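Please read them with the sequence and the coordinates open beside you.

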Amino acid sequence: MIRVVVVDDEELVRSGFRLILEAAGDIEVVATVTGAEAVKEIGLHGPDVVLLDIRMPDVDGLTILRQLRGLRKTPAVAMLTTFDSDEYIATALRSGAAGFLLKDTAPGLLAHFVRTLAAGGVVLSPKVTRTVVDGYLESGAGSTAATQVGLLSERERAVLVLITDGLSNVDIAARVHLSVGTVKDHVSAILTKLQVATRVQAALVAQQAGLLSNGEGRS
């Protein structure tokens with residue numbers, strides 16, 4: 001079972017996400033909490049995935065995201081937002097968010113996104129991807145990294161495209177017929193060459209560099 005905590009200030013959102021996710025069968029929502037309770041409950045339950053509202057009146061999602069770094073077990077965190085234009089997105093990206101989801105994400109996709117996060121992949125709602133890319137690059141965080149794509153080997157570029165598709169290391173290994181350890185080495189090299197800290201940052205650089213439109217890495 002994939003263990004999930006949902007953090008949102010609206011009870012309707014919390015209960016709705018619980019119903020949708022637990023209907024999947026392989027996902028257990030171990031807690032639904034407000035921002036004020038989030039760090040304590042996440043530390044208590046040790047979930048695999050946290051869905052975290054980016055804007056809350058008591059404690060904002062960015063503060064919680066930074067505090068989660070101090071936990072012994074750090075979950076994969078996807079930020080929830082009602083906006084496809086949110087000035088907090090670039091900050092969340094730099095703070096280690098593994099994805100960004102709009103709250104109106106189709107119910108059928110929500111469980112898929114949680115599974116991707118639990119497997120070590122990255123998720124970006126289609127509506128928010130353009131905003132995330134633009135905000136990240138305008139912030140200056142990705143401008144230098146985008147120029148480094150040319151330093152990647154052919155195999156590293158293929159792995160980068162699969163990272164952008166949201167695949168975990170295990171899934172990438174199966175796709176390109178390599179060991180998981182070798183894929184981990186490629187991912188480490190990619191992050192270093194792109195001068196980024198997380199897979200989601202690398203995925204955004206790939207999108208900006210046009211790797212996806214070139215169809216590289218897909219078979």
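**Notes on the core and the salt bridges**

1. In this predicted model, the largest nonpolar core holds 27 residues, and those that touch the most other members are V5, V7, L52, M79, A92 and F100. Two or more residues are given to this core by each of β1 (2-7), β2 (27-33), α2 (35-45), β3 (49-53), α3 (61-68), β4 (76-81), α4 (89-94) and α11 (199-209). The largest share, four residues, comes from α3.

2. M79 deserves a look of its own. Leaving aside neighbours within four places in sequence, M79 is in contact with L52, D53 and I54, with G61, L62 and L65, and with A92, A97, G99, F100 and L101.

3. For the chain as a whole, there are 12 helices and six strands, and buried residues make up 50% of the 219 residues. Among contacts between residues at least 6 apart in sequence, 69% join residues at least 24 apart. The chain exposes about 9,700 Å², of which carbon and sulfur atoms supply 51%.

4. Turning to charged pairs, the count comes to six salt bridges. One of them joins the side chains of R115 and D26, at 2.8 Å from N to O. Because R115 lies in helix α5 (residues 107-118) and D26 in the loop between α1 (11-22) and β2, this pair ties together parts that are 89 residues apart in sequence. R115 is partly exposed, with a relative accessible area of 34%, and D26 also counts as partly exposed, at 26% relative accessibility.

5. The side chains of K73 and D48 meet in a salt bridge as well, at 3.4 Å from N to O. This pair links distant parts of the chain, with K73 in the loop between α3 and β4 and D48 in the loop between α2 and β3, 25 residues apart. K73 counts as partly exposed at 41% relative accessibility, and D48 is partly exposed with a relative accessible area of 27%.

6. Are the partners K103 and D53 buried or exposed? Their side chains meet in a salt bridge at 3.3 Å from N to O, and the pair links distant parts of the chain, K103 being in the loop between β5 (99-102) and α5 and D53 in strand β3, 50 residues apart. K103 is buried, and D53 is buried too. Salt bridges that share partners join D8, D53 and K103 into one network. D53 is also among the residues in contact with M79, a residue of the nonpolar core described in the opening point.

Definitions and conventions:
Residues numbered from 1 in each chain as written. Predicted model: local features only at pLDDT ≥ 70, side-chain atom pairs only at ≥ 80, totals over all residues. Heavy atoms only, no water. Buried < 20%, exposed > 50% of the residue type's maximum accessible area, 1.4 Å probe, protein only. Contact = heavy atoms within 4.5 Å. Areas by Shrake-Rupley, 256 points an atom, 1.4 Å probe, with all protein chains shown as cover. Core = buried A, V, L, I, M, F, W, Y, C linked by side-chain atoms within 4.5 Å. Salt bridge = Lys/Arg side-chain N within 4 Å of Asp/Glu carboxyl O.
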